Amino acid sequence: MLVDNTFSLVLPPADDSPLRQILELVKRSASIAVKSEGTRVLVNAVKSLWSTDPKSLDEEKVKKREAAMKAVVTEPCVSALARLIGRSKRYPTLINEGVVALSLISTHPNGGTVGPLMSPRSSRYSRSCCRHV
């Protein structure tokens, strides 16, 4: 099952999970390609978690899915997705992937209150962008 691979990416100890390592690489890299492809790993993890029907999983996997969802509904993940959208003006597919992932995250009980999209600083930028449309 694809979701098992997502569990392996997201659920190991938070200080050494592959997801954390990818987010750190995305953060420190100067390469747009590395940043974009690294963030796409997060996009695919989000889509995998949200598209898996919990009714098709046993009790242990349902708990893992919930823990994995909680692990990606965090400021570092939301920030990485927001930055993907912001730097991908020439690539509508990347923008779409970021929007889809953020939309899915927003359906989580904690999804509407996390990350830079809700901070006063980013809302100032959002308002200024909307005036030019």
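Tutor: Let's begin with burial: a residue is buried under 20% relative accessible area, exposed over 50%, and partly exposed in between (1.4 Å probe, protein chains only). Leu 49 counts as buried because its relative accessible area is 0%, and that is the position I have picked for you. This is a predicted model with residues numbered from 1 along each chain as its sequence is written. Local features need pLDDT of at least 70 and side-chain atom pairs 80 or more, totals for chains, interfaces and linings use all residues, and side-chain values use heavy atoms, without hydrogens and water.

Leu 49 sits in helix H3; helices (H or I, at least four residues) and strands (E, at least two) are DSSP runs numbered from the N terminus. Helix H3 spans residues 32-51 and has the highest confidence in the chain, with a mean of 95, on the pLDDT scale of the predictor's confidence in each residue, from 0 to 100.

Now turn to the neighbours. Setting aside residues up to four places away in sequence, Leu 49 is in contact (heavy atoms within 4.5 Å) with Val 3, Thr 6 and Phe 7, and also with Arg 65, Ala 68, Met 69 and Val 72. Take Thr 6 as an example: 43 residues separate Thr 6 from Leu 49 along the chain, yet their C-alpha atoms are 7.3 Å apart. Across the whole chain, 62% of the contacts between residues at least 6 apart in sequence join residues at least 24 apart.

A nonpolar core is a set of buried Ala, Val, Leu, Ile, Met, Phe, Trp, Tyr and Cys residues joined through side-chain atoms within 4.5 Å. The largest one has 27 residues, and Leu 49 is among the five that touch the most other members, together with Leu 19, Leu 42, Trp 50 and Val 72. At least two residues of this core come from each of helix H1 (2-10), helix H2 (18-28), H3, helix H4 (59-72), helix H5 (75-87) and helix H6 (92-106). H3 gives the largest share, 6 residues.

What about the charged side chains? Here a salt bridge is a side-chain nitrogen of Lys or Arg within 4 Å of a carboxyl oxygen of Asp or Glu, and the whole structure holds 5 of them. Asp 4 pairs with Lys 61, with 3.2 Å between the closest N and O atoms. This bridge joins helix H1, where Asp 4 lies, to helix H4, where Lys 61 lies, across 57 residues of sequence. Both partners are partly exposed, because the relative accessible area is 25% for Asp 4 and 24% for Lys 61.

Arg 40 meets Glu 97, and their closest N and O atoms are 2.7 Å apart. Arg 40 belongs to helix H3 and Glu 97 to helix H6, 57 residues apart. Glu 97 is buried because its relative accessible area is 12%, whereas Arg 40, at 26%, is partly exposed. Glu 37 joins Arg 40 and Glu 97 in a network of salt bridges.

Lys 64 is partly exposed at 34% relative accessibility, while Glu 60 is exposed at 52%.

Ser 29 is buried, with a relative accessible area of 14%. Beyond its neighbours within four places in sequence, Ser 29 contacts Val 34 and Lys 35.

Finally, the whole chain. It has 7 helices and 0 strands, and buried residues make up 36% of its 133 residues. The mean pLDDT is 83, and 81% of the residues reach 70 or more. Confidence is lowest in helix H7 (residues 120-131), with a mean of 43. Over residues 118-133, pLDDT stays under 50, and the model has 4 contacts there beyond four places in sequence. Where pLDDT is low, the predicted coordinates should not be read in detail.
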